[in-house]
Amino acid sequence: MGGSDVRVKMLAAPINPSDINMIQGNYGLLPELPAVGGNEGVGRVEAVGSDVTGLKPGDWVIPANAGLGTWRTEAVFREEALIRVPSDIPLQSAATLGVNPCTAYRMLKDFEQLRPGDSVIQNASNSGVGQAVIQIAAALGLRTINVVRDRPDLQKLTQRLKNLGAEHVFTEEELRGPEMKSFFKDVPPPRLALNCVGGKSSTELLRHLAPGGTMVTYGGMAKQPVIASVSLLIFKDVRLRGFWLSQWKKNHSPDEFKELILTLCELIRQGQLSAPACSEVPLQDFAQALEACMKPFVSSKQILTMC
Ligand SMILES: NC(=O)c1ccc[n+]([C@@H]2O[C@H](COP(=O)([O-])OP(=O)(O)OC[C@H]3O[C@@H](n4cnc5c(N)ncnc54)[C@H](OP(=O)(O)O)[C@@H]3O)[C@@H](O)[C@H]2O)c1
């Protein structure tokens with residue numbers, strides 16, 4: 001082990017859609033091969049080299065950037081590849097902290113100046129990002145209009161999202177229905193829409209956006225393009241933007257990322273941000289976890305455990 005090296009025992013690591021995209025070769029960032037899968041997770045420091053100043057054995061660490069390869073039991077990393085997180089937060093929260101809640105927080109803060117009482121609309125609201133959006137928005141005093149795909153256990157899912165702080169939950173079909181007109185007579189139209197899906201779903205979000213509002217696309221789960229009608233662009237001047245956390249990190253210092261992590265940890269400690277619904281699967285059963293994460297309507301993040 002070199003002077004700047006840190007030996008880490010991995011504890012838990014989720015399987016996110018971007019991990020699958022990376023393996024499939026269609027992600028914005030591809031590691032050199034051979035590579036270990038997994039872009040986020042939490043590990044415990046076991047030993048540090050003589051030049052390491054910011055970490056000590058026993059600390060919990062998460063990757064500073066995508067591409068670290070977290071689906072493994074142990075590894076030696078450079079100190080700057082890791083960020084320390086407090087070990088008094090739940091393991092599942094630490095394992096899922098570095099990507100989705102960060103994305104949710106930045107999208108709520110960086111595109112529109114929202115005030116308490118303002119509303120935000122999003123699709124795939126039961127995704128990891130979606131659940132973080134619901135909770136962080138509630139902590140900021142924002143109301144969320146949440147769209148999900150219809151499913152047999154819709155009532156259960158709706159209740160779960162409302163327990164997290166979701167103000168309204170609609171299916172994709174309901175969002176297209178005529179009753180939304182009367183809904184938006186009582187509720188001011190949102191100035192921010194968060195699009196995880198693309199295709200028809202994103203067209204519907206745009207339709208309900210306030211004039212001059214912004215739709216931020218951060219995921220493309222339907223693998224369909226975003227289509228904005230000419231009339232919405234001309235008569236409502238809606239703005240189409242994109243967000244990628246890896247790019248945000250390139251544009252900001254490591255200290256700003258650390259500050260973001262600490263802000264989120266504070267929300268976790270205050271009981272305002274919990275981990276997404278998840279299923280823990282021992283690392284050796286990874287094939288089962290990979291199969292589960294590719295199925296629709298699972299509503300449970302697969303987390304590989306190594307402890
Ligand atoms: N840009 C960034 O910086 C950034 C950061 C984090 C995540 N992301 C992206 O955000 C997305 C969600 O990530 P996550 O970790 O939150 O995902 P996740 O927890 O695995 O959830 C996946 C979500 O996608 C929905 N979905 C799957 N296939 C769909 C389809 N064909 N049409 C509509 N919805 C579909 C699922 O809904 P059902 O329950 O209905 O199946 C579920 O809500 C991914 O595309 C990921 O790459 C981007």
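Author: Happy to! Let's settle on helix α3 and begin with one of its contacts: P101, C102, Y105 and R106 in α3 meet F257, L260, I261, T263 and L264 in α11. Sorted by class, this contact of α3 with α11 has 7 nonpolar residues, 1 polar and 1 charged. Please keep in mind that you are looking at a predicted model.

How do the two helices lie against each other? In general, a packed pair of helices is described by the angle between the axes and by the distance between them. The axes of α3 and α11, which covers residues 254-269, come within 10 Å and cross at roughly 95°. Angles of 65 to 115 degrees count as roughly perpendicular, so α3 is roughly perpendicular to α11.

Now follow α3, residues 100-110, to another partner, helix α4, which spans residues 128-139. Here the axes come within 8 Å, and the crossing is at roughly 50°. That angle makes α3 oblique to α4. The crossing of α3 and α4 is also right-handed.

Which residues make this second contact? From α3 come N100, P101, T103, A104, Y105, M107 and L108, and from α4 come G128, V129, A132, V133, I136 and A137. By class, the contact of α3 with α4 has 10 nonpolar residues, 3 polar ones and no charged ones. If you look back at the α11 contact, you will find P101 and Y105 listed there, and P101 and Y105 are also among the α3 residues that meet α4.

Let's step back to the domains. The domain assignment gives domain 1 as 5-96 + 275-305 and domain 2 as 106-245. Their C-alpha centres lie 29 Å apart. The contact between them takes 9 residues from domain 1 and 10 residues from domain 2. About 830 Å² is buried between domain 1 and domain 2, and carbon and sulfur atoms give 54% of that area.

Before you go, here are two backbone details. Most peptide bonds are trans, and most residues other than glycine have a negative phi. The bond from L33 to P34, however, is cis, with omega near -5°. You can find P34 in the loop between α1 (17-24) and β2 (42-48). F297 has a positive phi, near 65°, and sits in the loop between α12 (286-293) and β13 (301-305).

Notes
Residues numbered from 1 in each chain as written. Predicted model: local features only at pLDDT ≥ 70, side-chain atom pairs only at ≥ 80, totals over all residues. Heavy atoms only, no water. Axes fitted to C-alpha atoms, helices over the stretch in contact; angles between N-to-C directions. Helix = DSSP H or I, 4+ residues; strand = E, 2+ residues; numbered from the N terminus. Parallel < 35°, antiparallel > 145°, perpendicular 65-115°, else oblique. Left-handed = near helix turned anticlockwise from the far one by under 90°. Contact = heavy atoms within 4.5 Å. Nonpolar A, V, L, I, M, F, W, Y, C, P; charged D, E, K, R; others polar. Domains from an automatic or database assignment. Buried area = accessible area lost by both parts, 1.4 Å probe.
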